[in-house]
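The exercises below are meant to be worked through with the sequence and the coordinates open side by side. Each task is followed by a solution that goes step by step.

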Amino acid sequence: MDAVGAGNWNRAWSLLSDPLRARYTPERLREDFKREPLSAERVRRARLALEKDVRVTASGAEFPIGKGRAVRLVREAGEYRVAAIE
């Protein structure tokens with residue numbers, strides 16, 4: 001979230017899960033973020049979710065952000081990576 005807020009799209013891309021990094025480039029991530037009207041709101045809600053309870057699983061973690069919605073992280077190579085903000 002800090003990387004997105006700072007416009008550091010290379011860093012933001014590097015924090016995505018493998019499947020997302022395969023679908024995006026840093027430039028496409030930037031373009032999609034700027035094109036999607038709810039992107040900034042999703043990042044804001046994701047930041048707020050970090051202050052709440054986290055549910056840790058064997059494969060990752062979830063931070064609830066609303067009814068049936070969560071920031072989903074997966075463990076890859078010993079690190080958490082963003083799988084979804086939904």
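**Exercise 1. Follow the strands through the sheet.** Through how many residues does a hairpin join β1 to β2, and what is the order of the strands in the sheet?

*Solution.* The model is a predicted one, and the reading starts at the hairpin, which joins β1 to β2 through 3 residues. These two strands, of which β2 covers residues 60-66, pair in the antiparallel sense over 2 bridges, and within this pairing Val56 has Ala61 of β2 as its bridge partner.

The next step leads from β2 to β3, where the pairing is again given as antiparallel and runs over 6 bridges. Gly66 stands opposite Arg69 in β3, and in the hairpin of β2 and β3, which has 2 residues between the strands, Gly68 takes a positive phi near 70°.

Put together, the strands form an open sheet of 4 strands in the order β1-β2-β3-β4, with antiparallel pairing. The edge strands are β1 and β4 (79-85), each of which pairs on one side only. A helix, α5, packs on this sheet and touches β2, β3 (69-76) and β4, its direction making about 115° with that of β2.

**Exercise 2. Trace the salt bridges.** How many salt bridges does the count come to, and which parts of the chain does the pair of Asp2 and Arg47 tie together?

*Solution.* With a side-chain nitrogen of Lys or Arg required to lie within 4 Å of a carboxyl oxygen of Asp or Glu, the count comes to 12 salt bridges. One of them is formed by the side chains of Asp2 and Arg47, at 3.1 Å from N to O. Asp2 lies in helix α1 (residues 2-5) and Arg47 in helix α5, so this pair ties together parts that are 45 residues apart in sequence. Asp2 is exposed at 58% relative accessibility, whereas Arg47 is partly exposed at 38%.

A further salt bridge joins the side chains of Arg21 and Glu76, at 3.9 Å from N to O. This pair links distant parts of the chain, with Arg21 in helix α3 (residues 18-23) and Glu76 in strand β3, 55 residues apart. Glu76 is buried, with a relative accessible area of 14%, and both partners belong to a network of salt bridges that links Asp18, Arg21, Glu76, Glu79 and Arg81.

Glu27 is partly exposed at 40% relative accessibility, and Arg30 is partly exposed at 27%.

Terms used:
Residues numbered from 1 in each chain as written. Predicted model: local features only at pLDDT ≥ 70, side-chain atom pairs only at ≥ 80, totals over all residues. Heavy atoms only, no water. Pairing = 2+ DSSP bridges. Contact = heavy atoms within 4.5 Å. Axes fitted to C-alpha atoms, helices over the stretch in contact; angles between N-to-C directions. Buried < 20%, exposed > 50% of the residue type's maximum accessible area, 1.4 Å probe, protein only.
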